[in-house]
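Please keep the sequence and the model in view while reading.

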Amino acid sequence: EVEAVVRLANEHNVVIIPFGGGTSVSGALTCPSNEERMIVSLDMHRMNRIKWVDRENMLVCMEAGIIGQDVKRRLEGMGLTIGHEPDSLEFSSLGGWIATRASGMKRSVYGNIENMLVRCKMVTSVGTIDRRVDVPRLSMGPDVQHLVLGSEGTLGVVTEAVLTMRALPPVSQYGSVLFPSFEQGVLFMREVARQGASPASIRLMDNEQFQLGHSLKPNKAGNPFAKLVDGFKKIYVTKWHGFDPSEMCFATLMMEGTKEQVAAQSRRLGQIAGQFRGIDAGHENGYRGYFLTFMIAYLRDFGVNFSFIAESFETTVPWSNVLMVCEAVKKRVNATCLAAGIKTAPFVSSRVTQLYETGACIYFYFGFSWKGVKDPVGTFTLVEDAAREEILALGGSLSHHHGVGKHRKRWLKPEISEAGFEALVSVKAALDPRNVFGNGNLTAPGDAHPPPTLSKL
């Protein structure tokens, strides 16, 4: 059916924009403002089957419209997992993961989507890209499958994929660590990466995000004993250990494996944390911190009702620049908000997430009250663009896993070189000569929304 739809679109010069879960934050799904042809949104939700499971070779074949939480639920019902859990797990689709080169909270153990993808099928306007065998590795020239990864709907429609899977770990345990400062927390994360000691998930929240998470904890007013215990904990942290509540930060841990493996991971992480004045903050706080990331999208939508606009953006940076980027971006956001006439101080926080030997992914959340702001969306774009420029100037990447879309594509050419950019343009011309998949992302000329300037707001 997808091949028939694409063939008809090619014949009648119609634009197709594939739609998976709709969780893009890069403007990838918006219709190009300069497009004069008819545009069709190709909703993939009904292509949601698990086609087969191969327990002997530990492979699973799924249709691209399947949603992350359904993948998790169905495979766990069989005692299996692919281990891919992005923040958007509730709504994002398999096809979307592939199209954006997605990453998940458990990357340290299971890898990013490109590490677990064995084969995928993509329908283009000149034919269907596929591969004959499902093998762990091959050497047959440049890997055509990598043209599909990160293509953001510009080359075709991903219809199915074969991924690696594993047996569901028998034990999952959450943990958390308090640090006296964000700097100490970053040093801890760096040492964990250096030693190759990363658990399934490890995330470091700065003080702003720690305070946000703490404010969302359930009220224990009806339990005097719990309130007393919390009071003793506060005294222990602030008086005995000398932690400043306005400076301390918080790391969440999620460990998987056998009972013995999890216990060994916990001990090792505790030993490393001790080198940087880390204090064990318990399983419950680790659990709450892990699931805070799922709540943030709901908080963002809730805030709209109170004239508060917010969103996230991310990057990857070398370890040597992590602290510098976090501090500089916060300063740039605050300064740009002030220059744009925003009356109240914005909320801006950072979180160090996926760890690598040479660097880490940093997530930023920021938002502001738009009361009295003439163009809230334009102002928001202005501030985010300023933050992105700061990131790029300090050696950060254009994106770690959100993709380029339309919001960030004007920076793409200088980031990958003119020759690299022209290579992508040539691939697009070969696979989609009539620009059927003309969603305007990546290499397409023009922007759906011209970048705003202070003089225009």
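The model is a predicted one, and every value below is computed from it.

**Around Thr124**

Thr124 belongs to strand β6, which covers residues 117-124, and with a relative accessible area of 4% this residue is buried. A polar atom of the Thr124 side chain lies 3.2 Å from the backbone nitrogen of Val126, and the side chain of Thr124 also reaches the backbone oxygen of Gly127, at 2.5 Å. Leaving aside residues up to four places away in sequence, Thr124 touches Val6, Ile129, Leu155, Gly156, Leu431 and Phe437.

**Aromatic rings**

How many aromatic pairs does the count come to? With ring centres required to lie within 6.5 Å, the count comes to 13 aromatic pairs. In the pair of Tyr174 and Tyr287 the ring centres are 5.2 Å apart and the planes stand at 85 degrees, so this pair is edge-to-face, given that planes over 60 degrees apart count as such. Because Tyr174 lies in strand β10 (residues 171-179) and Tyr287 in helix α11 (residues 283-304), the pair ties together parts that are 113 residues apart in sequence. Tyr174 counts as buried, at 16% relative accessibility, whereas Tyr287, with a relative accessible area of 43%, is partly exposed. Elsewhere, one aromatic cluster is formed by Phe313, Phe364, Phe366, Phe368 and Phe380.

| Charged end | Ring below it | Distance to ring centre |
|---|---|---|
| Lys330 | Phe182 | 6.0 Å |
| Arg410 | Trp411 | 4.5 Å |

Most residues other than glycine have a negative phi. Against that background, Asn435 has a positive phi, near 55 degrees, and Leu442 likewise has a positive phi, near 55 degrees. Asn435 is placed in the segment after α15 (418-431), and Leu442 is also placed in the segment after α15. Are these residues buried or partly exposed? Asn435 counts as partly exposed, at 29% relative accessibility, while Leu442, whose relative accessible area is 12%, is buried.

Methods
Residues are numbered from 1 along each chain as its sequence is written. This is a predicted model: local features need pLDDT of at least 70, side-chain atom pairs count only at pLDDT 80 or more; totals for chains, interfaces and linings use all residues. Side-chain values use heavy atoms; hydrogens and water are left out. Rings of Phe, Tyr and Trp (its six-membered ring) pair if their centres lie within 6.5 Å; planes under 30 degrees apart count as stacked, over 60 as edge-to-face and the rest as tilted. Helices (H or I, at least four residues) and strands (E, at least two) are DSSP runs, numbered from the N terminus. Buried means under 20% relative accessible area, exposed over 50%, partly exposed in between (1.4 Å probe, protein chains only). A charge sits over a ring if NZ of Lys or CZ of Arg is within 6 Å of the ring centre and within 35 degrees of the ring normal. A polar contact is a pair of N or O atoms within 3.5 Å; within protein, one must be able to donate a hydrogen and the other to accept it, and residues adjacent in sequence count only if both atoms are side-chain atoms. Contact means heavy atoms within 4.5 Å.
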